[in-house]
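Student: I would like a close look at a single part of this model, with the terms spelled out as you go.

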Amino acid sequence: MRLELRGITKRFGSLVANDQIDLVVEPGQIHALLGENGAGKTTLMNVLYGLMSPDDGQIVIDGQPVVFGSPRDAIRAGIGMVHQHFMLVPVFTVTENVTLGVERTRGLGLLDRPRARRDVLELSERYGLNVNPDAYVENLPVGTQQRVEIIKALLREASVLILDEPTSVLTPSETEDLFRVVRELKAGGRSIVFISHKLKEVQAIADTITVIRRGRVVGDRPPTATDAELAALMVGRAVELKVSKEPARPGGVVLDVRGLTGYDDHGNAAPDEISFQVKAGEILGVAGVQGNGQTELCEVLMGLRPAEGGSILLDGQDVTAATPRDRLRAGFGYVPEDRQEDGLVPDFSVAENLVLDVYDRPPFASGVALDLGKIRTNAASLIQEFDVRTTSAERPAGTLSGGNQQKVILARELSRDIKLLLASQPTRGLDVGSIEFVHRRIVEERDRGVAVLIVSSELDEIYALADRIAVMYEGKIVAFRSPAVPVTELGLLMAGAGDAASADQAGSTEAPGPAQADRAAQADPAAQADPAGQSDPSEPTAGPS
Amino acid sequence: MTEPTPATGQTARPPAEDPGAPRRRAPWQDTSRQRQAFIDAIVEGSPAVVTVLSILAALVLGALLIAFTDTTVLHAWGSLFSNPGNAFAQAWDAISAAYSALFDGAIFSPGTVAAAFHGGSVAAIFYPISQSMSDATPLLLTGLSVAIAFRCGLFNIGAAGQWIGGAIIAAYLGFAVSLPPVIHVIVCLIGGIAGGAVVGWVVGELKARTGAHEVIVTIMLNYVMYNLLSYLLGTTKVLQAPGQSNLISPNIAANAQLPHVGGPPPEVDAGFLVALAAAAAVAWLLNRSTIGFQFRTVGANPSAARAAGMSVERSWVLVMLIAGALAGLSGASVIQGSSVHALTFNSYGTYGFDGITVALLGRARPGGVVLAALLFGALHAGGTIMQAATSVPTDIATVLEGLIVLFVAAPLLIRAVFRLREAKGVGLEAVAKGWNG
């Protein structure tokens with residue numbers, strides 16, 4: 001099936017989200033759509049999937065113009081979509097999920113389960129999807145859930161499959177698996193539209209790359225195009241892809257965490273007896289697949305979740321039982337993982353958000369009275385210093401783009417006198433230009449002598465920033481490594497293969513202090529003790545790719 | 001779908017959008033900008049415009065209701081085909097008579113002006129408006145109570161119970177204690193504030209400590225307070241007037257009654273001034289104080305509040321304490337007010353629940369609450385006169401209140417009726433969010 005978009009235009013009020021977009025997806029081709037967040041990729045795909053109707057332009061399939069009034073029409077025409085957030089029912093089995101809405105029946109309205117199950121198995125085998133049709137979706141790892149979504153689309157006979165930011169939730173090895181599946185699908189004659197803002201992935205998988213910027217197609221490139229070229233197209237100017245930073249000059253220990261234990265919402269220990277130190281002027285990067293206790297670790301460190309054991313010392317002062325307010329006062333700076341939920345009040349103005357954790361202290365307050373003038377001048381100077389793009393300081397922060405929201409949070413935290421910066425997923429969902437800015441500010445902070453703890457599931461980010469790397473798996477820190485560690489080893493550690501990786505101790509000996517090397521040595525046997533129990537052999541993701 | 005913001009990055013933008021640009025605007029640009037904002041407000045239907053249109057739509061529906069319930073008019077409809085002019089004339093007469101009586105009773109009556117010129121009382125001109133303000137007083141206070149809790153993310157259904165808490169203390173201090181003039185008034189008001197605050201504080205404390213939903217807790221506490229009032233008046237006779245078999249307290253001492261100020265001709269119930277002062281205080285608290293900043297943050301995004309080091313639980317307790325205090329003050333203002341001087345088993349009337357509608361109509365902003373309370377006060381005062389002057393029952397005024405709130409709560413309906421463009425993300429979704437506690 002040959003899919004063609006001609007002059008697609010979609011406006012939201014005065015904003016043109018898609019401006020005369022032309023796109024041709026040839027049969028059996030992997031077509032990448034590369035663009036920053038807010039460039040209009042998702043809007044375009046929503047138009048293609050019948051979720052929005054275009055203001056102008058045509059969708060043409062095999063030479064025939066078509067009009068999609070709803071996703072149903074798009075599905076009927078052979079278009080399948082795997083959304084960024086999966087649309088699965090957790091308590092249903094794989095088979096039940098994929099047949100939902102297209103159930104086959106045999107006489108008297110009985111569901112033809114055996115047949116559905118056979119269909120799933122057959123698809124799973126043909127494309128190497130490795131999915132158990134009887135497994136309950138809630139028990140499956142994210143990568144497998146994504147493949148269930150793919151089966152769902154295939155079962156509806158999709159010949160064009162749209163994958164919207166498919167790797168944002170995957171581990172490196174899961175990403176490899178996905179790429180393999182995508183290539184199998186291509187070999188089976190299907191076309192894939194691969195939406196992403198990550199250069200490396202697009203180069204690795206695509207047959208052709210279309211770059212979108214501000215709602216317009218700014219160019220088509222082959223996958224052989226260089227990083228710099230693609231990034232420049234995407235952002236509209238030359239971008240520094242890697243922060244330039246001097247080697248760290250660590251000072252004294254600022255954050256000392258000993259045997260810290262907390263519980264996640266399901267009552268599992270996470271963090272699970274974690275010990276580490278962060279020194280002034282160094283960046284410790286905590287790598288790990290999303291959901292291995294990093295979120296909980298940050299919350300326990302900030303006092304948003306109770307510590308059930310162990311201790312947290314800031315500059316030698318025990319803050320294990322301190323309230324979040326006391327920690328902030330003691331010199332914690334916090335950039336939370338979910339900026340809309342924890343970092344900002346979207347309905348509040350930018351100016352108000354810029355004083356969210358200092359509003360009750362001079363100069364912004366005297367007694368209980370707020371000094372609105374000081375809040376305004378503070379906003380004006382921080383907006384300028386951090387280059388926050390907003391029409392006014394009074395604009396609600398929720399209306400800013402993700403990158404500018406993150407700048408507001410950074411501006412607020414860095415404008416205080418902090419000793420420790422705790423930043424969780426600091427560039428999640430940000431475009432290349434904003435990532436560059438955020439990384440540069442974090443490194444500057446380090447160079448000013450602040451101890452920095454970065455938690456990220458993006459390996460690129462860990463490599464770009466970290467002076468030392470700690471890997472988290474199932475609530476524990478399973479290893480410490482230097483940034484020189486090869487990505488394959490890091491990937492294995494993140495997938496819980498602690499035994500394979502710990503054989504190579506070379507990385508940890510480069511850790512800047514004897515204490516760290518010591519702790520790394522302590523942490524590794526812990527990981528070795530239970531890898532068999534932790535990596536369920538039925539999980540295809542745990543295996544080597 | 002969430003892509004309406006154009007690329008954020010470092011891309012060039014027109015200088016006008018650059019906040020750092022030191023560009024001065026010519027005065028004409030300001031006025032044209034204001035005019036544009038004004039036009040936008042009307043075309044898109046800003047909350048204020050929607051509210052005004054809601055009132056208009058309610059008046060139209062109310063008019064139809066009058067036309068189709070008035071017996072004379074109904075009779076005329078019967079002869080619609082033989083004498084169509086008569087039917088419409090009768091309907092028009094009934095509607096205009098009712099609405100002009102409503103206006104006379106709520107704002108002012110042209111008749112009194114004419115009378116004043118012929119040696120009549122000048123004070124009579126201002127009687128309706130001062131009556132409206134007096135009727136607005138308790139609603140203004142319960143409206144503030146609901147509004148401030150709402151800004152902190154709590155839905156205070158318990159203004160009725162807190163009202164009773166305040167009224168009990170104010171009434172008791174009013175008749176059982178003997179104090180000099182001004183002091184007695186103040187002591188009773190403070191007693192009312194304290195009585196309501198205690199009831200509100202219980203709600204906040206329960207929510208903060210146990211996570212109990214404030215909607216359930218306040219509804220249940222309302223029942224507790226209704227029955228406590230009956231118990232105190234009837235069973236224990238602590239509050240009951242001696243020699244009375246009815247559930248009514250003794251009248252409070254004259255010293256404890258709120259005076260009228262400004263005295264004839266235009267006079268204002270001092271209670272109304274107290275309520276206005278309370279509105280000003282709440283406005284200051286919400287917008288200009290650290291406590292209000294904390295309340296608003298907790299209301300808008302509790303997890304961000306927590307991450308910023310605020311204590312969400314403490315905010316809940318404090319805001320319920322203040323909400324209770326305001327509702328309790330409402331109770332005191334009625335007991336010490338111009339007409340009622342005693343507490344009965346059903347004194348609480350509908351003040352508590354009307355407070356919810358007033359807060360809703362006023363969009364949980366002190367200024368809005370003042371205007372909404374005045375509107376409701378005017379409808380109350382006018383409704384009474386309307387019933388007296390015409391055969392239209394005072395219930396029509398209540399129906400109007402209900403319709404106004406209904407339309408305000410359904411802005412989409414008003415937008416559809418008046419063909420307004422969709423406004424940018426303002427509506428009552430914030431109200432709906434409040435139910436999540």
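How many helices and strands does the secondary structure of chain A come to, and which strands form the open sheet in the order that you can trace?

Tutor: This is a predicted model, in which local features need pLDDT of at least 70 and side-chain atom pairs count only at pLDDT 80 or more, while totals for chains, interfaces and linings use all residues. Residues are numbered from 1 along each chain as its sequence is written, and chains are lettered from A and ligands numbered from 1 in the order in which they are written.

Chain A comes to 21 helices and 24 strands, where helices (H or I, at least four residues) and strands (E, at least two) are DSSP runs numbered from the N terminus. Its radius of gyration, taken over C-alpha atoms, is 25 Å, close to the 24 Å that the globule rule gives for 545 residues, so chain A is as compact as a globular protein of that length; the rule is 2.2 Å times the number of residues to the power 0.38. The C-alpha trace of chain A spans about 70 × 55 × 50 Å along its principal axes.

Now to the sheet itself. Four strands of chain A form an open sheet in the order S14-S13-S16-S17, with antiparallel pairing; two strands pair if DSSP finds at least two bridges between them. Its edge strands are S14 (274-279) and S17 (317-318) of chain A, each of which pairs on one side only. Strand S13 (residues 253-261) of chain A pairs with S14(A) in the antiparallel sense over five bridges, and A:Val253 stands opposite A:Lys279 in S14(A).
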